[in-house]
Amino acid sequence: MYDWLLQENVGAVVIENIQLRQRHDTDKRFNRFTHNFKKKKLTDTIIRRGMRLGFRIKKVNPAYTSVIGRFKYMKTYGLSVHESAALVIGRRGLGYQERLPKELIDAIKTKVKRHLIAVLGSMEESYKQSKSGKKQRQYIAIMLRKIENFKQEHEWSLWNILHKCCWLNQYQIQLKGV
């Protein structure tokens, strides 16, 4: 990889700052995956070899890169989800912020907001009073507040709403259950 980068006169490499911290209960399969995954060794090798060859190495936060890539770059450039996520990682390494395009903001303000209000209205009265129903109502209310105050919200919270409520079907935004 570095040989090709040297041929292309590339001076920097951007990698994900992946941290597999255990913040929740895990099952045996997840524990085996994280134990066998030699993330630290692979990352150290990439960094060490890159620095030895004179590359600048930058680690970036990988949060929402797949979501941003899927909704923002996949259609525009005809990329897969993984390629568009890599594009987002590279852009973060260059210092760009990923703002929501106007069409996605409009979709959130119209389609998603209407959908969330409909979900709230269609809840059975008995479910609304249950513990899980109350939690879901609170969660939907938080999302609706974030949509209303989207200019004051952090960009990632809007990407999170898009991730939770929408999916792409033939590059068309479709709503999904909350």
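## The cavity

About 30 Å³ of space lies in the largest cavity, and the structure holds one cavity of 30 Å³ or more. Here a cavity is a set of points on a 1 Å grid over the protein atoms alone where a 1.4 Å probe fits but cannot get out. Grid points are joined across faces, edges and corners, and the volume is the space filled by probe spheres set on the points.

Who lines the largest cavity? The residues are Ile105, Ile108, Lys109, Ile147, Phe150 and Leu158; lining residues have an atom within 4 Å of a point. Helix α6 (residues 102-122) gives the largest share of this lining, with three residues. By class, that's five nonpolar, no polar and one charged, where Ala, Val, Leu, Ile, Met, Phe, Trp, Tyr, Cys and Pro count as nonpolar, Asp, Glu, Lys and Arg as charged, and the others, Gly among them, as polar.

## What you're looking at

This is a predicted model: local features need pLDDT of at least 70, side-chain atom pairs count only at pLDDT 80 or more, and totals for chains, interfaces and linings use all residues. Residues are numbered from 1 along each chain as its sequence is written, and side-chain values use heavy atoms, with hydrogens and water left out.

## The chain overall

Nine helices and four strands make up the secondary structure, taken as DSSP runs (helices H or I, at least four residues; strands E, at least two) and numbered from the N terminus. Read from that end, the order is α-β-α-α-β-α-α-α-α-α-α-β-β.

Of the 178 residues in the chain, 29% are buried, meaning under 20% relative accessible area with a 1.4 Å probe, protein chains only. The chain exposes about 12400 Å², and carbon and sulfur atoms supply 51% of that (Shrake-Rupley method, 1.4 Å probe). Take the contacts (heavy atoms within 4.5 Å) between residues at least 6 apart in sequence: 62% of them join residues at least 24 apart.

## Ser84

Ser84 sits in helix α5 (residues 81-93). Why does Ser84 count as buried? Because its relative accessibility is 0%. Leaving aside residues up to four places away in sequence, Ser84 touches Gly69, Arg70, Tyr73, Met74 and Leu79. Its side chain also reaches the backbone oxygen of Ser80 at 2.9 Å.

## Ile173

Over in strand β4 (residues 172-175) you'll find Ile173. With a relative accessible area of 18%, Ile173 is buried as well. Leu104 is 69 residues away from Ile173 along the chain, and their C-alpha atoms are separated by 8.9 Å.

Notes
Buried means under 20% relative accessible area, exposed over 50%, partly exposed in between (1.4 Å probe, protein chains only). A polar contact is a pair of N or O atoms within 3.5 Å; within protein, one must be able to donate a hydrogen and the other to accept it, and residues adjacent in sequence count only if both atoms are side-chain atoms. On a 1 Å grid over the protein atoms alone, a cavity is a set of points where a 1.4 Å probe fits but cannot get out, and a pocket is an open set with protein on both sides within 12 Å along at least five of seven lines; lining residues have an atom within 4 Å of a point.
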